[in-house]
Amino acid sequence: MSKQKLKARRPRGFEDRLGRAMAAEGALLQRVGACFASWGFQQLETPALEFTDALGQFLPDKERPNAAVFSLTDDDDQWMSLRYDLTAPLARYVAQNSQKITRPFRRWQAGPVWRNEKPGPGRFRQFTQCDADSIGVPGPEADCEMIMVACDALEAAGLARGEYALRINSRTALDALLGQLETQGPAPIGAAAGTILRAIDKLDRLGLAGVEALLGEGRRDESGDFTQGAGLTAPSIEKVLAFVAAGEGDTAGTLSALGALLGQGELARTAIDELTTIANVLEQAGYGTDRAVLDPSIVRGLDYYTGPVFEAQLALGGQDGAELSVGSVGGGGRYDDLVARFTGQSVPATGFSIGVSRLAVALEAAGRGALEATAPVLVLVFDRADLSAYFDLARRIRAIGVPAEVYLGGAGLRAQMKYADRRGSPLTVMYGADEKAAGIVNVKDLRAGAEQAKTITDHKTWREERPGQFHVPIGDLEAAVKMVLERRQTP
């Protein structure tokens, strides 16, 4: 009786990535990390697993199993979870090493994070983040610096001004708004606060009508699932919608509209002061509204934010000309109470995180993220009895910093060339009996050959001209490889 075969499958929201995708993400990480380091942030690595109570209950999708994280028990029955971001582990590290670190403590970190959420387009359950955080500096000026760092990091990743925007709001302003709202039922407004904030956070996906439904009785989505609403009164719903629309004018107009909506309470004054300071410092530092703008619709889903919050959104067109819709590719803000969970004392902190995986997907969709993996030069094999000669040619190519591979598949010349095309090899090296006798190697520039072949209409001419191919003395192999690669990089 034969065993039943396993079905090869992977869980939704977890991706297999190869070559080109890994090269694109690796290049983004290198550029963003170098940008963070240039601002004086030092690199830190924390483990993938943290004790579950150290991560806290901050994720917005609290109704899902395992509180939206992936968890398991240690051998001493303590619950551990895969980190859902890089900030909560940082808070644990700062608390655990408070006597050792120098404040302000400025660190950057990159790595995978895991969220037990419903996956969707550009939304993964495992993805890569790259963060910069400053611990120990209060005040909106420090938040301003993080916004400037974020702008520089996005430009280092390859985005031009006008292709992204840092949208800025204040949790203090949202708290001031919540204090003025009323529900239709007897429950206090605090019980509905999370639902209200989550509704506002979905504005970019659901539009005003969808948000209005979630602020009221609720909303049924395309699948038929019903989401219970916040149950606000009609005047309160109108006030929330006016709040999120207050950013449609210029900076002065936004601040004026928010001031009129929020009134003169302490929270309102604090929020307006924060946003005014941030707007003024950004303008004076040369980070104008072509890079960073006030936007009261920005919430940020994580519950640990305590002050200014900001989110990076793209304005890129796809290869078909349509505007891309990928949501936020980064965000951050102030979280002064996160370290206090361990120490009992508030520690000022602010930071910014880029969702590298989502940004890479967006750039690829725009035809901009196609940072090609460095495919190897392929050394073709004509005589398997003399493999050492081919391995020596590949060794010489690798010695000049160029990947090289000897074909070991056991197929003929036609199949080897097809393999080189599929791998995306920039060129091939041929060293058959005739080349050995003459002391030469045959080098073929595959891209140039393909371009030249378009103008050749008959097989006889193709065989005679051998488009893209040329011979060089075997001692000049390295120079020939460099020449072809440099020519490929020239527009």
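**Note on the predicted model**

1. In helix α3, the residues T87, A88, P89, L90, A91, R92, V94 and A95 are buried (buried means under 20% relative accessible area, exposed over 50% and partly exposed in between, with a 1.4 Å probe and protein chains only). The helix spans residues 87-96, and because eight of its ten residues are buried, it is largely enclosed by the rest of the structure. Helices (H or I, at least four residues) and strands (E, at least two) are DSSP runs, numbered from the N terminus. The buried residues of α3 pack against β2, α2 (52-55), β5 (105-114), β6 (126-135) and α11 (340-343), where contact means heavy atoms within 4.5 Å.

2. Two remarks on the basis of this note. The model is predicted, so local features need pLDDT of at least 70 and side-chain atom pairs count only at pLDDT 80 or more, while totals for chains, interfaces and linings use all residues. Residues are numbered from 1 along each chain as its sequence is written, and side-chain values use heavy atoms, with hydrogens and water left out.

3. Strand β2 also belongs to an open sheet of three strands, ordered β2-β4-β3 with antiparallel pairing (two strands pair if DSSP finds at least two bridges between them). Since β2 (49-51) and β3 (71-73) stand at the edges with a single partner strand each, one side of each is left without a neighbour in the sheet. Neighbouring strands of this sheet are turned by 35 degrees against each other on average, direction ignored; axes are lines fitted to C-alpha atoms, for helices over the stretch in contact, and angles run from 0 to 180 degrees between N-to-C directions. Strands β3 and β4 (residues 79-82) run antiparallel and are joined by three bridges. T73 stands opposite W79 in β4.

4. The structure holds eight aromatic pairs. Rings of Phe, Tyr and Trp (its six-membered ring) pair if their centres lie within 6.5 Å, and planes under 30 degrees apart count as stacked, over 60 as edge-to-face and the rest as tilted. The rings of Y304 and Y305 have centres 5.1 Å apart and planes at 65 degrees, so this pair is edge-to-face. Both Y304 and Y305 are buried. Ring pairs link Y304, Y305 and Y335 into a cluster.

5. Y407 and Y419 also form an edge-to-face pair, because their ring centres are 5.3 Å apart and their planes stand at 70 degrees. Y407 lies in the loop between β15 (404-406) and α14 (413-423), and Y419 in helix α14, so the pair ties together parts that are twelve residues apart in sequence. Y407 is buried at a relative accessible area of 10%, whereas Y419 counts as partly exposed at 26%.

6. Two arginines have their charged ends over rings: R106 over F41, 4.2 Å from the ring centre, and R341 over F342, 5.5 Å from the ring centre. The criterion is NZ of Lys or CZ of Arg within 6 Å of the ring centre and within 35 degrees of the ring normal.

7. A search of the whole structure finds zero disulfides (a disulfide is a pair of cysteine sulfur atoms within 2.5 Å). For C35, the closest cysteine sulfur, in C130, is 9.3 Å away, too far for a bond. C35 is buried, with a relative accessible area of 10%, and C144 is buried at 0%.

8. R396 is found in helix α13 (residues 387-399) and counts as buried at 14% relative accessibility. Not counting residues up to four places away in sequence, R396 touches I474, G475, L477 and E478.
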